[in-house]
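Keep the viewer handy while you read.

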Amino acid sequence: MKGEFVLGSEFRSGFVALIGRPNVGKSTLMNHVIGQKIAIMSDKPQTTRNKIRGVYTEENGQIVFLDTPGIHKPQSKLGEMLVRASHNALEEVDLILFLVDASAGKGPGDEFIMNHLKDVKTPVFLVVNKIDQVHPDDLLPLIDEYRKDFSFAEVVPISALNGNNTGTLIQQIFQYLPEGPKYYPSDQVTDHPERFIVSELIREKVLELTREEIPHSVAVVVEEMKRRPGKDIVDVLATIYAERPSQKGILIGKKGALLKVVGTRARVEIERLLGVKIFLDLWVKVKKDWTNEDIMLRQLGYTEEEI
């Protein structure tokens, strides 16, 4: 991806929001563009809970991506905060990428988002993702369906998973960004601290390995991260919070089997992120109905300022 932007001599920069229904590939797209995992990916909806700022830098420009939580009908206080976070992000950016799933077709959720976007003055791209999963002949009729309901600044079909046409998307984004400063150093890819990324990687493995009753009831807090004196090893102590004792049992598994697999998979990702050996100590605790209690949400880091 690097080295493609040659629009002009001026430095262009700005903030770009990725918005769309849950599970359309927003995190996948940002991770591909940035070149490493900073947002967790899952086939379960509502995976993203925080506005992940991903930073893409070229010689002549910088794009700061906000991967917002997917807009959905909230079922809890946490869900309400996630939806408000997505809406608020639209007021903070220079450009909006509205991602849709080509394989799923246009749905009521897309119409809901487009109705909201009609009140926004920010330019909006229609980014049609997962084009590798549909026949090319079906793509133009689908795009026409979206164009009937909204006037998009640009339409860019892509496959975030395979990287198809993502270079073109980057070029188009820079065309719409103003002249501006370099907000982050060239080698920085996110503004989130390592602890946050580590907690998200652990939560990703929980999502991969648990049944439907678990994902939205789980939070991960990294209690401690410290390097062992004189050794190239980082000790990580993390707690996985569930809402009910039955969920705790599922997360631990028979004789601790599931928790061990979560830890093993997460450790591999964390070592890749930090570039050092990791000793990961995982615990599971119950915080009853935490997704609906303001105090619990604040304790676990889910405030409107943080999301």
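1. Start with the largest nonpolar core, which has 27 residues. A nonpolar core here is a set of buried Ala, Val, Leu, Ile, Met, Phe, Trp, Tyr and Cys residues joined through side-chain atoms within 4.5 Å, and buried means under 20% relative accessible area (1.4 Å probe, protein chains only). Ile-96, Phe-98, Leu-117, Leu-126, Val-128, Tyr-146 and Phe-152 touch the most other members. Among the elements giving two or more residues are strands E1 (12-20) and E4 (95-101) and helix H4 (139-149). H4 supplies the largest share, four residues. (Helices are DSSP runs of H or I, at least four residues, and strands are runs of E, at least two, numbered from the N terminus.)

2. A word on the source: this is a predicted model, where local features need pLDDT of at least 70 and side-chain atom pairs count only at pLDDT 80 or more, while totals for chains, interfaces and linings use all residues. Residues are numbered from 1 along each chain as its sequence is written, and side-chain values use heavy atoms, with hydrogens and water left out.

3. Click on Phe-98 next. Leaving aside residues up to four places away in sequence, its contacts (heavy atoms within 4.5 Å) include Ile-19, Met-114, Leu-117, Tyr-146 and Phe-152.

4. There's also a second, separate core of 26 residues, with Ile-202, Val-218, Val-220 and Ile-270 among them.

5. Now look at the open, mixed sheet of three strands, in the order E7-E8-E9. Strands E7 (219-227) and E9 (277-286) each have a single partner strand, so one side of each lacks a neighbour in the sheet. Pairing takes at least two DSSP bridges between two strands; E8 (residues 233-242) and E9 run parallel over 10 bridges. One of these links Ala-238 to Leu-282 in E9.

6. Which helix packs on the sheet touching E7, E8 and E9? That's H8 (residues 257-274), whose direction makes about 135 degrees with that of E9. Axes are lines fitted to C-alpha atoms, for helices over the stretch in contact, and angles run from 0 to 180 degrees between N-to-C directions.

7. The buried residues of H8 include Leu-258, Val-262, Glu-269 and Ile-270. Their cover includes helix H6 (194-209), E7, E8, H7 and E9. Just after H8, Gly-275 takes a positive phi of about 75 degrees.

Key. Buried < 20%, exposed > 50% of the residue type's maximum accessible area, 1.4 Å probe, protein only.
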